[in-house]
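Please look over the following model with care, and keep both the sequence and the fold in view while reading the report below.

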2 protein chains.
Amino acid sequence: MRRSDVPTPALLVDIDILDRNIASMRDAAAALGVKLRPHAKAHKCVEIAQRIMAAGAIGASCATIGEAETMALGGIGGILVTAPLTSSDAIERLHRLLLRGADIAVVADHPASVAQLAAVAAGAGRTLDVVVDIDVGMGRTGCAEIPDAVALARQIEAAPALTYAGIQAYWGNLQHVSPFAERARLIAIQTERVRAVIAALTSAGLPPAIVSGGGTGSHRIDAATGLFTEIQPGSYLFMDSCYSAVSISENDNPFVPSLFVAATVVSANKPGRVVVNAGWKAFAADSGKPVALRGGPPGASFRFMGDEHGALDFEGGGGPKLGATVEFLTSHCDPTVNLYGAFHVVRGDEVVDIWPIRARY
Amino acid sequence: MRRSDVPTPALLVDIDILDRNIASMRDAAAALGVKLRPHAKAHKCVEIAQRIMAAGAIGASCATIGEAETMALGGIGGILVTAPLTSSDAIERLHRLLLRGADIAVVADHPASVAQLAAVAAGAGRTLDVVVDIDVGMGRTGCAEIPDAVALARQIEAAPALTYAGIQAYWGNLQHVSPFAERARLIAIQTERVRAVIAALTSAGLPPAIVSGGGTGSHRIDAATGLFTEIQPGSYLFMDSCYSAVSISENDNPFVPSLFVAATVVSANKPGRVVVNAGWKAFAADSGKPVALRGGPPGASFRFMGDEHGALDFEGGGGPKLGATVEFLTSHCDPTVNLYGAFHVVRGDEVVDIWPIRARY
């Protein structure tokens, strides 16, 4: 199949750019002296996780029990579920993963949750690694106070079926702060909190073996603190207009967009405007509008026009013809990936593979 | 399965409320003297289309070739594809549907598109009903000028394999205008345009047999003009916070929300706040925030906290416990449905069925 003939709207990933992004992050992690557990929330795809593992990652971070199941079935080890599992459904599915021998660790941020995990692991006749999730200013998940974190680590350590594995400290709210220096300044404040947590745990005889965190926007700053043992970025694989606009290191952004949405011109009845078959169901709309690239009129601006449509407004005549394909850079890669059933994998003008997005909602 | 035990995030539909909404729209269409071809873009689900057909609808409107395929495979007739099909892929799939004997009509808004449809229908040895799509002020798809519409109807009529079936006039941009009187005033302006198109076509010997349009917000106003032969609403099945806020007739909104997203409390470490496992991947974010209902603290306000998380902020103590289920009214039903693989069908506290959302992206 030719790239311009994919059934639209479609999610395209350029395999060569993807592989370069994978290699670039592997090299950065090696240079920074941290392990790499890239986040499967970005791709939800076994084929991509396998490429990442082949490039030397220690495992896959997962946001949901469904991602963990998909990765485990795909033979991926070193799974870390980075959000607390608390529903009876999630706990039951964790139980089944443990029975099947999955190589999985989880985070927890509450004593009730640790008690539940202890019962599940005991019931499965396994030991389960548990990482204490720390709230480092985002107010999302994690222990709010240092004594809470110490108490939780102690509770984990005391449970026969659990192993206290370390801590997680992730600042999702700081990943896109620009300029770089301001991001570094805000992260430095939270870094002191991580240092204090580590000190308190160490004083209590519970030094964390794992300190996990770091996203695409923060991982170089995080790793440079010397506190983190591993990073869990995901968006670097694909990039998007939001991440492309920020510097990843002081003056550099080594990651190149590999992910595109292909759409078809379905109406072209007005000068300076074409309408494509991609709207709110084809692009995540939480972080702004997509940008027309290949096939789009130069300088065109996108407008959402409902669930299935978007308009491209442009100056001057011409523009793509009825039936033509236009490719877009998304504004937010992760929730856009979650809208599709598969990646159409492209190299140049050819579709070379189709990879199912098995863990999408 | 109990309603509170569904794997979250999950899409719930209350079957009794759904059926009441279906009946209510059927009764309204009968009273207004228009036929009913409800839009499958809202549900993308054969089981729901079958219930709508059993209640007397003439068919299913579809936004994509994928929806048309799904409906046809589900035995649904009277399919009208309401957006132009222009890609080589969509045309090829239309060809296969014609070969399989699907009962399908399509819209067109361009001479090149009509030529393509004529070739496809001839190649399949079938006649294909084509409806002329008219731009009635939205600037999305449709013939821009009246002479264009007449010329297109004439071109369809002249093609041996095509049947000129009528016109489509849909004002998606006016569905949510409030108050009702202002919506009626704006629709009246566009109604004059529809009247002029019908008059020009009639003068040319091409009176439209079908005049299709009308959404959940406009169908009563549209039908009252006497110009429309059928309406194609979809959101009335489920409703959402945006549609619940507008009056459907002068002083009335007979449709009741039947659609909910169920999420689980995954963190509860701060007073006046819990965090649930539902964010931008669980709720379409184009039209605002979801509203916590069943299980949520009274008066709680939702904040998106990334792809997989949302916070519920509330006054006072208490609040739902870790692991508890909270249900939400979505802000925009159609693109939220498209995020899920299935409806969990509920009646009271029980899950009574699971219906796949086969035509999602």
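A cavity, in the sense used here, is a set of grid points where a 1.4 Å probe fits but cannot get out. The structure is a predicted model, and a search of the whole of it finds five cavities of 30 Å³ or more. The largest cavity holds about 130 Å³ of space, and of the 14 residues that line it, the closest to its centre are A:Trp280, A:Ala284, A:Ala285, B:Ala284 and B:Ala285.

How are the two chains related to each other? Chain B can be laid on chain A with an RMSD of 0.0 Å by a turn of 180° and a shift of 0.0 Å along the axis, and the two copies are therefore related as by a two-fold rotation axis. Because 100% of the interface residues of chain B are also interface residues in chain A, the copies meet through the same surface.

Within chain B, helix α3 (residues 65-73) is mostly covered, with seven of its nine residues buried; among them are B:Ile65, B:Ala68 and B:Met71. The buried residues of α3(B) pack against α2 (46-54), β3 (61-62), β4 (79-81), α4 (88-99) and β5 (104-108) of chain B. Just after α3(B), B:Gly75 takes a positive phi of about 80°.

In chain A, an unreviewed UniProt entry places the feature "domain: D-serine dehydratase-like" at residues 258-347. This span of chain A is 6% helix and 41% strand, and the C-alpha atoms at its ends lie 11 Å apart.

How values were computed
Residues are numbered from 1 along each chain as its sequence is written. Chains are lettered from A and ligands numbered from 1 in the order in which they are written. This is a predicted model: local features need pLDDT of at least 70, side-chain atom pairs count only at pLDDT 80 or more; totals for chains, interfaces and linings use all residues. Side-chain values use heavy atoms; hydrogens and water are left out. UniProt positions are given in the numbering used here, feature names are shortened, and annotations may be inferred rather than shown by experiment. Helices (H or I, at least four residues) and strands (E, at least two) are DSSP runs, numbered from the N terminus. Copies are superposed by least squares on the C-alpha atoms of residues with pLDDT of at least 70 in both. Contact means heavy atoms within 4.5 Å. Buried means under 20% relative accessible area, exposed over 50%, partly exposed in between (1.4 Å probe, protein chains only). On a 1 Å grid over the protein atoms alone, a cavity is a set of points where a 1.4 Å probe fits but cannot get out, and a pocket is an open set with protein on both sides within 12 Å along at least five of seven lines; lining residues have an atom within 4 Å of a point. Grid points are joined across faces, edges and corners, and a volume is the space filled by probe spheres set on the points.
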